[in-house]
Each structure stands twice: as C-alpha cells, then as structure tokens.
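I opened a new notebook page for this chain. My plan is to go from the overall fold to single residues.

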Amino acid sequence: MKSTINRVAGYRIMLNMNQKDMAGYLGITSQSYSNKERGMRKFSDEEKLKLKELFRKIDSDLTIDAIFF
C-alpha cells in the first residue's frame, strides 16, 4: 500500500496540485482525500478512473494498475 500512496502523491505533486485541489477534483473533502492518500482509506473505482485520466496529462500510457497495484 505504501508504494501506491507514494505514486498518487508523486503524480499529484508533478501536476502542481495540493490535496485540497485533488479533493475538489474528486468531489470529496480534503480530509477524506488526505486519508486516502495516506492509505487510511481506499480510493473507490470511480476515483481511480478519474485519477488515471488526470495523471495521463503526465504519462499518456498510464494505467490504473501502474498507479494502484
């Protein structure tokens, strides 16, 4: 789980976004996003799809597996 957290945070940082920005993008609270990024909660399948699309701005071939597994 730790490497997944590092990948999500890493892509977020590469996009120059903070946790509040990401929470807004996903339509959740900042606290909820923080808990997910720190591994205290899991990202939903819908959230994973949204993050994949966002992170594809960095890597157009990026897959959900590469981010979360």
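**Entry 1: the fold.** I read along the sequence and wrote down the pattern α-α-α-α-α. My tally of the secondary structure is five helices and zero strands. I then looked up the radius of gyration, which is 11 Å. The globule rule gives 11 Å for 69 residues, so the chain is as compact as a globular protein of that length. Along its principal axes, the C-alpha trace spans about 30 × 25 × 20 Å.

**Entry 2: confidence.** I noted that this is a predicted model. The mean pLDDT of the chain is 93, and 93% of the residues score at least 70. I also looked up the elements of the chain. Helix H2 (residues 19–26) has the highest mean pLDDT, 98. Helix H1 (residues 2–14) has the lowest, 84.

**Entry 3: inside and surface.** I checked how much of the chain is buried: 36% of the 69 residues. For charges, I wrote down 13 positive and 9 negative side chains. The centres of the two sets lie 7 Å apart.

**Entry 4: the loop between H1 and H2.** I went to Asn16, which is found in this loop. Is Asn16 buried or exposed? Its relative accessible area is 72%, and over 50% counts as exposed, so Asn16 is exposed. I also looked up its backbone angle. The phi of Asn16 is positive, near 60 degrees, and the residue is not a glycine.

Entry 5: Asp21 has its place in helix H2. With 35% relative accessibility, Asp21 counts as partly exposed. I looked up its distance to Ser32, eleven residues away along the chain, and the C-alpha atoms are separated by 12 Å.

Ile28 lies in the loop between H2 and H3. Its relative accessibility is 22%, so Ile28 counts as partly exposed; the cut-off for buried is under 20%. Which residues does Ile28 touch, not counting those up to four places away in sequence? I listed Ala23, Tyr33, Lys36 and Glu47. I also looked up Ile28 and Val8, which are 20 residues apart in sequence; C-alpha to C-alpha, they are 16 Å apart in space.

**Entry 6: helix H3.** I listed the buried residues of helix H3 (residues 30–37): Tyr33, Ser34, Asn35, Lys36 and Glu37. Two of these names, Tyr33 and Lys36, are also in my contact list for Ile28. After H3 comes Gly39, with a positive phi near 85 degrees.

**Entry 7: helix H4.** I looked up Lys52, which lies in helix H4 (residues 45–55). Is Lys52 buried or exposed? Its relative accessibility is 14%, so Lys52 counts as buried. I then looked up its contacts, leaving aside neighbours within four places in sequence. Lys52 is in contact with Leu62, Thr63, Ile64 and Ile67.

Note on methods: Residues are numbered from 1 along each chain as its sequence is written. This is a predicted model: local features need pLDDT of at least 70, side-chain atom pairs count only at pLDDT 80 or more; totals for chains, interfaces and linings use all residues. Side-chain values use heavy atoms; hydrogens and water are left out. Helices (H or I, at least four residues) and strands (E, at least two) are DSSP runs, numbered from the N terminus. Buried means under 20% relative accessible area, exposed over 50%, partly exposed in between (1.4 Å probe, protein chains only). Contact means heavy atoms within 4.5 Å. pLDDT is the predictor's confidence in each residue, from 0 to 100. The radius of gyration is taken over C-alpha atoms; the globule rule is 2.2 Å times the number of residues to the power 0.38. Lys and Arg count as positive and Asp and Glu as negative; His and the chain ends are not counted. The place of a charge is taken as NZ of Lys, CZ of Arg, CG of Asp or CD of Glu.
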